[in-house]
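Please consult the sequence and the model shown below.

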Amino acid sequence: TADGTYAISCSVDDAAGNDNSDTDTVKLDTAAPTSQASSPDYNKDGTIDVSYTAADNTGGSGLKSVALYVKAPGESSFTLAMTDSGAAIDNTFAYAVPEVTPGGATDDYVQGTYAFYTLATDVADNVEDATGVDSRTDQTLQDSIAPSLSVSHTADGDNGWNTSSPVTVTVAASDAGSGLDTGSPSC
């Protein structure tokens, strides 16, 4: 029988002419739902907004929950971070980036690449297959540390004044996280 909802109606008669009937509804959902996480390439604040798509098109019982798994920088495996369920299923997660020192400075977040994937569960309790999640994994580079910039020149006159033109200015910039943006630095 194909997945779906089936109304069952039965009746019975006995030899004395008595009869009885009863009905039931059979719901069949043998197919697991699907989901896909999507996160930004870069993040610079304490929240990585991870969106996802999820569907239970084949089985038809509907989505029950979607779980977000994360592998933080330096970790060897994924862990459950949070779950959307019931009326709260809104196709987005606000993942709180851990801090190196809890309650520390705003740039004290754990820097590096975060990997995300989702697993969906339908109302019939079919769970999306976890094999092959590597193909469904999305990554975000956490970089909340400002790039370094140094601007200097050597004056050829007294008290920091230049007495000849042009003046040579030395500009040095670097960024150990996401790298410098195209066209940066600008003066």
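A polar contact is a pair of N or O atoms within 3.5 Å; within protein, one must be able to donate a hydrogen and the other to accept it, and residues adjacent in sequence count only if both atoms are side-chain atoms. The model is predicted, so local features need pLDDT of at least 70 and side-chain atom pairs pLDDT 80 or more, while totals for chains, interfaces and linings use all residues. Residues are numbered from 1 along each chain as its sequence is written, and side-chain values use heavy atoms, without hydrogens and water.

The side chain of Asp175 reaches the backbone nitrogen of Gly177 at 3.1 Å and that of Ser178 at 3.0 Å. Asp175 follows β12 (169-174); strands are DSSP runs of E, at least two residues, numbered from the N terminus. Asp175 is buried and has no salt bridge, with Lys44, the nearest side chain of opposite charge, 11 Å away. Buried means under 20% relative accessible area, exposed over 50%, and partly exposed in between (1.4 Å probe, protein chains only). A salt bridge requires a side-chain nitrogen of Lys or Arg within 4 Å of a carboxyl oxygen of Asp or Glu.

Most residues other than glycine have a negative phi, and most peptide bonds are trans.

| Residue | Phi | Relative accessible area |
|---|---|---|
| Asn91 | about 65° | 33%, partly exposed |
| Asp125 | about 70° | 46%, partly exposed |

Asn91 lies in the loop between β7 (79-85) and β8 (92-96). The peptide bond from Ser165 to Pro166 is cis, with omega near 0°.

How values were computed. Helices (H or I, at least four residues) and strands (E, at least two) are DSSP runs, numbered from the N terminus. Lys and Arg count as positive and Asp and Glu as negative; His and the chain ends are not counted.
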